[in-house]
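Hello,

The structure I promised is below, with the sequence. After it come my notes on what was found.

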Amino acid sequence: MKLWTCLALASILLGSANAKSASGDRVLVLVPKIESAKHYSKFLGSLETRGFEVSVRAASNTSVALQIDGERAFDHAILLAPAAKKFGDGLGPLDFTRFVDDGGNMVVAASSELSDFHRKLAAQFGVVFEPRSTWAIDHANYLKQNNASDHKVVAASNFALAPAILSPEFASTSAKSQPKPTVYFKGIAHKYDAANPQLVPLLTGAISTYSGRDKGEKPMENTDTPLSGKSLGLVSAFQTRGNARVSFAGSTAMFSDALLSKRGGDNQRFVEDVAKWTMQEKSVLRETGHRHHLSATGEQPGHYRVSNEIVYEIDLSVYRDDAWHPYVADDVQFEAIMLDPYIRITLNHTDSAGSAPDTATYHGDIKLPDRYGTFTFRVNYKRTGYSNVDVKDTVAIWPLRHDGYPRFLSAAYPYYTGSFVMVIGFLALSAVWLFSDEPASKDKAGAAASKEKPKGKAKHKSS
Amino acid sequence: MAYKVFGLTASDQTSLLRIAILGLISIVAVGSRLYSVIRFESVIHEFDPWFNYRTTRYLVDNGFDKFWNWFDETAWYPLGRVVGGTLYPGIMVTSATIYNALHLVNIPVDIRNVCVFLAPAFSALTALATYQLGKEVKNATAGLLAAAFIGVAPGYISRSVAGSYDNEGIAIFLLVFTFFLWLRSVRLGSALYGALTAIFYFYMVSAWGGYVFIINLIPLHVFALLVMGRYSNRLYVAYSTFYVLGTLASMQIPFVGFQPTFTSEHMAALGTFGLIQLVAFASYVRTLVPSDQFRMLIRLSILGLFVVGFGGLVLLTMTKVIAPWTGRFYSLWDTAYAKVHIPIIASVSEHQPTAWPNFFFDLNMLIWLLPAGIYFSFRELSDNHVFLILYSLFAAYFAGVMVRLILTLTPIVCVMAGVAMANVFEIYLDFSKTKAEAENMAVATAPAEKEKEKGKSQGGAGEPPVAVAAKTLYETAGFKRFYALFPKIVVVANFLYFLCMFQWHCSWITSSAYSSPSVVLASRGPDGSHHIIDDFREAYYWLQMNTKADAKVLSWWDYGYQLAGMADRTTLVDNNTWNNTHIATVGKILASDEDTAYELARRHDVDYVLVVFGGMLGYSGDDINKFLWMIRIAQGVYPDGFKEEDFYNAAGEYAIGDTASPTMRRSLMHKLCYYRFHEVMGPQGFDRVRKQKLPKDITLDNFEEAYTTENWMVRIYKVKDLDNYGRSHHAVSAFEGPRFKNDFVF
């Protein structure tokens with residue numbers, strides 16, 4: 001939430017007309033040497049044409065700082081120097097994780113000369129790169145060129161089903177007739193944590209892909225089965241709980257001009273997708289407002305009462321193609337939780353085209369549970385590739401007021417009758433007692449009783 | 001006695017004296033309760049008073065209607081507490097009324113001061129009520145003595161010092177006054193006094209759960225009188241009026257509701273009500289059909305009815321039509337019951353059985369005057385005296401079972417002591433007959449007197465040593481008078497000495513034992529200097545100032561009311577221990593290892609964990625010492641994976657530090673208490689409560705130290721948020737390195 005308001009604010013403040021990212025346009029590109037940037041001129045050029053403010057720095061440049069006075073100095077960082085042991089003036093992995101914690105986005109490119117720095121950094125995100133000087137190798141799918149062939153340049157086409165990240169042509173699985181898009185990849189493979197929902201393996205190996213050493217080099221120790229197939233990650237994307245995005249690619253080469261322009265490959269499109277996603281140019285989801293109120297009166301009280309009927313609404317918009325659009329889906333769910341969810345319903349998308357054209361409003365008519373306590377109203381919307389939307393409101397549900405219960409129950413009519421009959425009977429008896437005369441005849445049997453009676457009578461009258 | 005002083009007749013003089021004495025008693029009663037305010041400050045004490053104070057503030061701020069319907073969502077998170085329906089509103093309404101009355105006449109008193117001084121003010125009223133009670137059962141002398149006793153008796157002071165803003169503060173006054181009204185209504189057979197009894201009974205019901213004592217004792221009194229064949233129309237009028245009005249009135253308190261109709265605690269009253277109707281009917285029939293055998297028949301039928309009624313009660317209870325007795329009541333009969341079945345009740349120190357010295361500590365000489373009072377009551381044995389005897393016996397029994405019930409014993413002990421003393425003084429302070437006695441003595445010179453005289457001359461203090469001239473001395477009128485006076489003087493002097501000692505004892509106890517607010521502690525340095533230890537308020541203030549307004553703080557339930565009252569933060573459990581499961585969950589969190597605890601704490605949206613730790617200061621009432629109860633309570637609800645034995649080390653000791661059992665060392669409580677403690681105590685440091693060596697290298701990853709007070713008494717930890725990257729916090733710590741690496745360089 002907070003982050004989003006910040007981001008929204010930032011995008012307005014920094015909103016120079018050509019800014020494409022939802023979070024800012026300052027990009028730091030770290031390359032081994034300043035002149036090696038020319039290998040990536042196409043990639044970097046595309047960033048600049050998309051309106052980013054790209055600063056290219058050598059890895060060893062000591063003036064590189066991720067933070068200035070506690071503020072992020074850049075919005076995005078692209079690490080293209082896989083062999084560098086540290087950056088700038090002793091920037092370690094911790095500085096980069098802090099950068100991401102602060103909301104910075106990061107593209108990390110690796111190669112088979114990977115430094116410990118990168119290993120340590122990647123491990124924090126559940127990405128474990130293979131040992132040094134290993135390669136992702138595929139003897140079936142590789143870059144076939146006219147004169148030479150390199151089995152280390154894998155022609156990978158195993159894309160994740162993540163339409164929020166990749167363009168539709170990568171995501172389509174059914175179209176057998178079309179030639180499958182391929183991405184040329186030359187570099188190191190990594191293991192990814194398949195159980196981590198925050199990590200999406202965008203590009204994985206084919207069944208014939210494995211991780212190993214090149215011919216002529218020392219073969220790998222035969223301790224365990226080499227990484228291969230689907231579990232071999234080539235490019236993975238990670239989104240933090242704070243919605244910062246980090247991509248790991250095992251290959252710097254795939255960003256290079258050489259492979260980007262390779263015919264028959266879709267590197268250009270793929271790299272652009274990854275960069276766009278990572279740098280918050282697409283699939284950025286935000287909640288622009290949410291409200292709940294009594295359906296009868298439309299007001300929002302400080303607390304609800306049990307079994308109240310309420311309306312819950314939330315507005316969602318998504319950022320793509322340089323603008324915020326309504327986010328349309330049919331799986332936005334609302335929960336009312338007190339330790340366990342008491343209510344979980346799907347909210348319906350309603351058209352609210354009039355007032356705010358860039359948001360979609362989701363609406364739910366909810367009958368609160370017949371249970372008092374402190375509930376959390378929550379919309380916890382987490383979908384692969386999209387930013388997390390987790391909106392929580394703590395709402396107290398009070399029991400009925402002491403006079404809020406039904407006054408007369410039809411089931412209790414016999415009891416009401418009973419009490420009123422009792423009252424009337426008592427009054428009648430008292431009246432008879434008070435106003436009846438003493439029996440005139442005082443026989444012996446009644447003598448004892450009559451002693452008491454006048455006393456009681458006198459008392460009643462006096463009071 | 002026809003002398004006039006200042007133009008007042010003798011009876012006017014006595015009433016003036018009485019008023020003056022009662023005024024002085026009131027002043028002493030209030031004055032001796034002010035130690036805590038003078039020593040410390042005008043602050044609310046302990047735990048429960050903080051809840052009462054907070055609700056009173058709510059009542060004053062929001063009015064009665066809102067108070068009545070108040071649902072407190074910040075207590076028992078996330079369950080909440082229906083405050084209006086689960087408290088005895090008497091004390092809050094009383095304070096708010098006083099507050100509003102004072103403001104009406106433009107006396108701008110803070111509500112806190114009204115609350116702080118409420119109990120002392122009511123203790124003065126209690127003294128007056130006790131005077132009335134004593135006067136009712138004996139005479140004004142007994143009343144004055146009883147009033148003087150209750151004014152300073154430590155058994156009552158312990159619950160009514162200034163700042164001890166608890167239900168008992170007003171309830172004892174109501175208890176005594178209700179009993180007084182009851183006795184008067186029985187004596188007079190007056191429906192008016194019966195109705196007044198019911199009204200004060202209603203006030204009592206609104207003020208304290210101890211009203212159950214009244215609603216059982218009065219029927220018991222009636223029942224005893226019936227069995228003794230002392231049925232009278234007076235009794236019938238008094239009890240019928242009281243029971244009908246009192247029960248209907250008591251049902252207006254939401255917390256009581258329909259309980260008088262279906263719980264076992266109230267069944268005795270209902271049964272007795274039915275019984276007295278039958279007896280009344282029978283005695284009416286008897287007036288019509290006089291018979292000598294009738295009396296016998298009635299007694300038998302009463303017994304028969306009692307047996308049938310009791311049997312029916314048991315049957316209905318067994319078939320769950322009538323709610324069975326609550327655990328607290330079972331523990332009144334079987335002191336071991338609570339420990340086995342309901343650890344949450346046994347864990348409260350004031351629910352423990354009373355140790356013998358406690359009686360002397362709290363009641364001093366009154367405790368041995370109680371049997372004397374019972375004896376004198378038996379000698380007269382009017383209806384009222386039957387009541388006194390029953391009250392004494394039952395209160396004495398209950399006081400023996402539960403420490404805190406000494407409180408209900410105290411009034412009757414004071415009254416009985418007053419009765420006993422009054423009897424003693426009646427005989428030994430009556431000098432009008434001495435002259436006549438002396439002359440009678442002169443006539444009969446018994447040989448036994450010689451021996452007595454000898455003993456006396458040895459022990460007698462002010463007597464001239466003239467035993468040599470004995471023979472003639474017997475005959476002198478002066479000696480005879482002296483001989484008649486001397487035993488009286490000895491006895492009276494003796495009792496005066498006891499009275500002085502009693503007052504001295506009471507003041508000393510009050511000053512040394514019962515005047516500590518327990519929120520603020522005091523200690524003395526070796527040089528006699530006075531230190532105020534204010535860690536609790538420091539911690540609560542820190543929470544109030546530094547955490548979000550809706551932060552949820554987990555602590556053991558003891559501190560729930562204080563947290564709500566002083567820190568104004570949401571708590572999971574508090575001193576209103578209505579939900580055992582929730583308390584057990586908190587116990588489980590504190591007793592589990594770090595990861596389990598973290599998961600549970602996050603599930604309950606806990607933001608901060610607060611523990612009280614006395615190892616630095618030697619404060620023995622800390623959480624480590626309470627920890628065994630937490631384990632027991634948690635074990636009762638979550639039997640799997642919890643065993644009390646696991647927390648003892650191989651030697652079977654409840655140890656801390658490196659000698660502790662692995663489970664103990666892993667437990668969150670142990671970690672939170674000792675985290676970084678060795679850094680401040682040094683390598684040779686030890687825990688000053690447990691007198692054991694400190695553990696070293698306590699790692700804590702899922703929780704982060706947020707605040708520790710000056711004397712380390714309160715430690716507050718923040719529950720870390722989930723990691724941004726989904727790592728475990730252990731992995732984060734391993735990656736980021738030790739957090740406090742260079743903190744202690746000096």
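How far apart do the end C-alpha atoms of residues 413-435 of chain A lie? They lie 33 Å apart, and the span is 100% helix and 0% strand. Helices (H or I, at least four residues) and strands (E, at least two) are DSSP runs, numbered from the N terminus. An unreviewed UniProt entry places the feature "transmembrane region" at residues 413-435 of chain A. UniProt positions are given in the numbering used here, feature names are shortened, and annotations may be inferred rather than shown by experiment.

Two notes on conventions. Residues are numbered from 1 along each chain as its sequence is written, while chains are lettered from A and ligands numbered from 1 in the order in which they are written. This is a predicted model, in which local features need pLDDT of at least 70, side-chain atom pairs count only at pLDDT 80 or more, and totals for chains, interfaces and linings use all residues.

Contact between the chains

Chain A puts 24 residues into the contact and chain B puts in 21 residues. Two residues are in contact if their C-beta atoms, placed from the backbone, lie within 7 Å. On the side of chain A that touches chain B, the elements that give two or more residues are α3 (93-101), β26 (373-381), β27 (389-398) and α9 (447-462) of chain A. The residues of that side are eleven nonpolar, nine polar and four charged. Here Ala, Val, Leu, Ile, Met, Phe, Trp, Tyr, Cys and Pro count as nonpolar, Asp, Glu, Lys and Arg as charged, and the others, Gly among them, as polar.

Cores

A nonpolar core is a set of buried Ala, Val, Leu, Ile, Met, Phe, Trp, Tyr and Cys residues joined through C-beta atoms within 7 Å. A residue is buried if 20 or more other C-beta atoms lie within 10 Å of its own, exposed if 12 or fewer, and partly exposed in between, again with C-beta atoms placed from the backbone. The largest nonpolar core has 226 residues, and B:Met204, B:Met416 and B:Val609 have the most contacts inside it. Helix α5 (residues 111-137) of chain B gives the most to this core, with 16 residues. Apart from it lies another core, of 82 residues, including A:Tyr184 and A:Leu232.

A:Leu199 lies in strand β14 (residues 199-204) of chain A and is buried, with 22 other C-beta atoms within 10 Å. Its C-alpha atom is separated by 4.5 Å from that of A:Phe238, 39 residues apart along the chain.

Backbone details

Most residues other than glycine have a negative phi, and most peptide bonds are trans. A:Asp69, not a glycine, has a positive phi of about 55°. A:Asp69 lies in the loop between β3 (67-68) and β4 (71-72) of chain A and is exposed, with 6 other C-beta atoms within 10 Å. B:Glu46 also has a positive phi, near 50°. B:Glu46 sits in the loop between α2 (35-39) and α3 (48-68) of chain B and is partly exposed, with 18 other C-beta atoms within 10 Å.

The peptide bond from B:Tyr77 to B:Pro78 is cis, with omega near -5°. B:Pro78 is in the loop between β1 (71-72) and β2 (81-82) of chain B.

Regards
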